[in-house]
Amino acid sequence: MGSVFRFKQFEVDQGACAMKINTDGVLLGAVADQQKVAYVLDIGTGTGVIALMLAQQYPEARIDAVEVDEIAARQAEQNFATAPFPNQMKVFHTSFENFRPEYTYDLIVSNPPFYTKSLHNPDDRKRLARHADELFFEKLVCFVADYLSPNGVFQCIVPSELADWIGAALLPGKGLFVHEVTAISSFKGSDVIRKILKVGYLPIATVRKELFIYESKGVYSPQYKKLLQSFFLAF
């Protein structure tokens with residue numbers, strides 16, 4: 001298989017990126033939703049795939065993306081330039097900690113590194129892309145609290161236990177609330193492998209959803225296909 005992943009409206013060259021397109025990223029790009037979106041931020045954009053999916057969904061919005069890895073940032077920039085909506089997209093080669101936008105965002109998304117307290121990968125670029133510690137997520141939530149618009153939402157995809165920790169330990173101190181949790185399993189009845197958190201400032205009751213990727217071995221579920229049918233050529 002080549003390095004180019006083709007979607008219905010755009011292509012993503014991932015050959016130079018340490019982290020390739022994966023299920024986590026495309027699920028977040030498909031699930032992320034918000035009304036009246038003028039400004040969108042993708043934190044840790046990698047190949048740029050989530051930002052591109054959001055540009056397709058919100059053609060009137062300004063899409064910013066930050067990426068600390070220089071090679072990945074250049075690749076994302078190239079992918080943005082060849083997409084049918086390049087004028088609304090911009091990548092910044094920086095960490096989110098050093099990013100100082102001049103406006104707040106109606107939608108902030110992140111498919112962050114999440115192997116907290118685990119053995120680090122010896123490949124420096126893969127290690128940087130895949131690993132984080134608790135301090136990383138504390139900084140991430142602080143950034144969101146500073147740059148999320150009053151009615152905006154932040155959405156991220158992380159393992160189940162990490163999602164629960166973020167919701168219980170980090171959000172309350174910043175006046176943020178979990179609006180929605182989507183629990184993701186490979187099959188109905190199997191363990192929850194990821195959760196997508198939808199977070200905002202409004203103190204509303206948490207909506208809980210389930211998403212099953214497969215109907216049976218090798219067969220995607222109707223739910224998964226419906227989510228991605230606007231993006232994947234196969235659906």
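Predicted model: local features only at pLDDT ≥ 70, side-chain atom pairs only at ≥ 80, totals over all residues.
Start at glutamate 67, whose side chain reaches the backbone nitrogen of glycine 46 at 2.8 Å.

Residues are numbered from 1 along each chain as its sequence is written, and side-chain values use heavy atoms, with hydrogens and water left out.

Back to glutamate 67, which belongs to strand β4, residues 62-67. Helices (H or I, at least four residues) and strands (E, at least two) are DSSP runs numbered from the N terminus. Glutamate 67 counts as buried because its relative accessibility is 9%; the cut-offs are under 20% relative accessible area for buried and over 50% for exposed, with partly exposed in between (1.4 Å probe, protein chains only). Setting aside residues up to four places away in sequence, glutamate 67 touches Gly44, Thr45, Gly46, Ala72, Ala73, Phe92, His93 and Thr94. Contact here means heavy atoms within 4.5 Å.

Now for helix α2. This helix, residues 49-57, has 8 of its 9 residues buried, so it is largely enclosed by the rest of the structure. Among the buried ones are Val49, Ile50, Leu52 and Met53. The largest nonpolar core has 42 residues, and Phe7, Val26 and Leu54 are those with the most contacts inside it. Such a core is a set of buried Ala, Val, Leu, Ile, Met, Phe, Trp, Tyr and Cys residues joined through side-chain atoms within 4.5 Å. Helix α2 gives the most to this core, with 7 residues. As for leucine 54, leaving aside neighbours within four places in sequence, its contacts are Gly29, Ala32, Val40, Ile63, Leu107 and Val109. There's also a second, separate core of 29 residues, which includes Phe96, Phe99, Leu148 and Leu170.

Next, leucine 140 in helix α5, residues 134-147. Leucine 140 is buried, at a relative accessible area of 2%, and beyond four places in sequence it touches Ile43, Phe96, Ser110 and Phe154. From aspartate 69, leucine 140 is 71 residues away in sequence and 17 Å away in space, C-alpha to C-alpha.

Leucine 140 also lines the largest cavity, along with Pro112, Phe137, Val141, Phe154, Cys156 and Ile166. On a 1 Å grid over the protein atoms alone, a cavity is a set of points where a 1.4 Å probe fits but cannot get out, and lining residues have an atom within 4 Å of a point. About 30 Å³ of space lies in this cavity, with volume taken as the space filled by probe spheres set on the points. Helix α5 gives the most to the lining, with 3 residues.

Finally, look at lysine 36, in the loop between α1 and β3 (39-43). Most residues other than glycine have a negative phi. Lysine 36 has a positive phi of about 55° although it is not a glycine, and with a relative accessible area of 81% it is exposed.

Conventions
Polar contact = N/O pair within 3.5 Å; in protein donor to acceptor, adjacent residues only side chain to side chain. 1 Å grid on protein atoms, 1.4 Å probe; cavity = no way out; pocket = protein on both sides within 12 Å on 5 of 7 lines; lining within 4 Å.
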